[in-house]
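Please walk through this model with me.

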Amino acid sequence: MHIHPLLRGAWIPKHLFALTIFITLVSLGIWQLLRLEERRSANAERIALLDQAPLTITGTEPDLAALIGRKVRLTGTYRNEESVVLRGRRSDSGVDGVHLLTPFQLSGSEAAILVDRGWLPSNQRSPSDLAGYAVAREVTLEGFAWAPQVRPDSPLAPRDLPLPGETRIDAWVRVDVPGLQQQVGLPLLPLYIEVLPNADAASLPRPPDPRQLDDGPHLGYALQWFTFAGMMIVVYTILMRQELQRYAPT
């Protein structure tokens with residue numbers, strides 16, 4: 001019984017291995033396309049929230065978790081002397097910098113909430129520089145409420161640590177509410193606010209444009225995985241042709 005050369009001996013496990021790799025690459029591409037759809041859906045939901053009436057935060061809400069992801073309004077005063085920066089932030093135009101994070105005491109309350117006021121250049125991160133952005137009067141602002149940012153459970157994830165000889169941390173990687181509570185004089189609510197741009201506000205700090213949302217890297221990753229799958233088909237086809245040429249009549 002004649003057996004095709006590509007169905008002999010070691011070619012069977014080679015075929016299975018190649019098929020497994022091909023299916024894995026295609027699956028990764030499809031997974032990235034699904035992530036892309038999730039990202040676009042989340043962006044659409046966030047844009048829709050901009051047109052909704054804001055919910056007022058007073059500090060007495062029984063369920064603060066229900067405010068996460070919602071557009072909110074709050075009135076109070078900044079505790080400017082307790083401001084810090086968030087490292088590794090970029091402006092809407094892609095310029096490296098920091099974000100100014102300031103505790104905000106709610107009017108008529110002994111509670112405060114952290115407010116991400118927006119982008120500053122990297123050279124504007126010292127306490128003396130931040131003092132130039134102090135706002136002493138009572139203000140009303142609007143923004144999105146978000147859950148505290150938690151350090152990933154990975155030894156490679158950066159930690160927020162004070163400089164040698166210091167106890168206060170002036171530059172943070174994430175909005176770690178429990179960590180920041182240790183250097184804020186009022187009790188902090190378990191969320192933070194990403195302030196929305198205000199046409200009447202100063203040019204700096206500059207809040208991110210809430211409508212400038214991108215699709216992330218998912219489409220590029222999907223095309224990458226599909227390209228790898230296509231390259232594998234081409235290379236494997238060449239290998240099989242070379243094998244068949246060994247059995248071709250001369």
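The second largest pocket has a volume of about 450 Å³. A pocket is an open set of points on a 1 Å grid over the protein atoms alone, with protein on both sides within 12 Å along at least five of seven lines; lining residues have an atom within 4 Å of a point. Points are joined across faces, edges and corners, and a volume is the space filled by probe spheres set on the points. The lining has 19 residues, and Arg 46, Pro 208, Asp 209, Gln 212 and Leu 213 lie nearest the centre. At least two lining residues come from each of α1, β3 (84–90) and β8. The largest share, four residues, is supplied by α1.

This is a predicted model: local features need pLDDT of at least 70, side-chain atom pairs count only at pLDDT 80 or more, and totals for chains, interfaces and linings use all residues. Residues are numbered from 1 along each chain as its sequence is written, and side-chain values use heavy atoms, with hydrogens and water left out.

Now take α1 itself. Helix α1 covers residues 11–50, 40 residues in total. Helices (H or I, at least four residues) and strands (E, at least two) are DSSP runs, numbered from the N terminus. From first C-alpha to last, α1 reaches 59 Å, close to the 58 Å expected at 1.5 Å a residue. That expectation is 1.5 Å times one less than the number of residues. Buried residues (under 20% relative accessible area, 1.4 Å probe, protein chains only) of α1 include Trp 11, Gln 32, Asn 43 and Arg 46. Their cover includes β2 (71–78), β6 (139–146), β8 (188–195) and α4 (218–245).

The unreviewed UniProt entry lists residues 15–34 and 219–239 as "transmembrane region"; such annotations may be inferred rather than shown by experiment. Residues 15–34 are 100% helix, with end C-alpha atoms 28 Å apart. Residues 219–239 are also 100% helix, and their end C-alpha atoms are 30 Å apart.

Is Lys 71 buried or exposed? Lys 71 is buried, with a relative accessible area of 11%. This residue lies in strand β2. Its side chain reaches the backbone oxygen of Leu 50 at 2.9 Å. Beyond four places in sequence, Lys 71 is in contact (heavy atoms within 4.5 Å) with residues including Leu 49, Leu 50, Glu 142 and Phe 144.

A cavity is a set of points where a 1.4 Å probe fits but cannot get out. The structure holds one cavity of 30 Å³ or more. The largest cavity has about 40 Å³ of space. Its lining includes Asp 92, His 99, Trp 119 and Pro 208.

How values were computed. Buried < 20%, exposed > 50% of the residue type's maximum accessible area, 1.4 Å probe, protein only. Polar contact = N/O pair within 3.5 Å; in protein donor to acceptor, adjacent residues only side chain to side chain.
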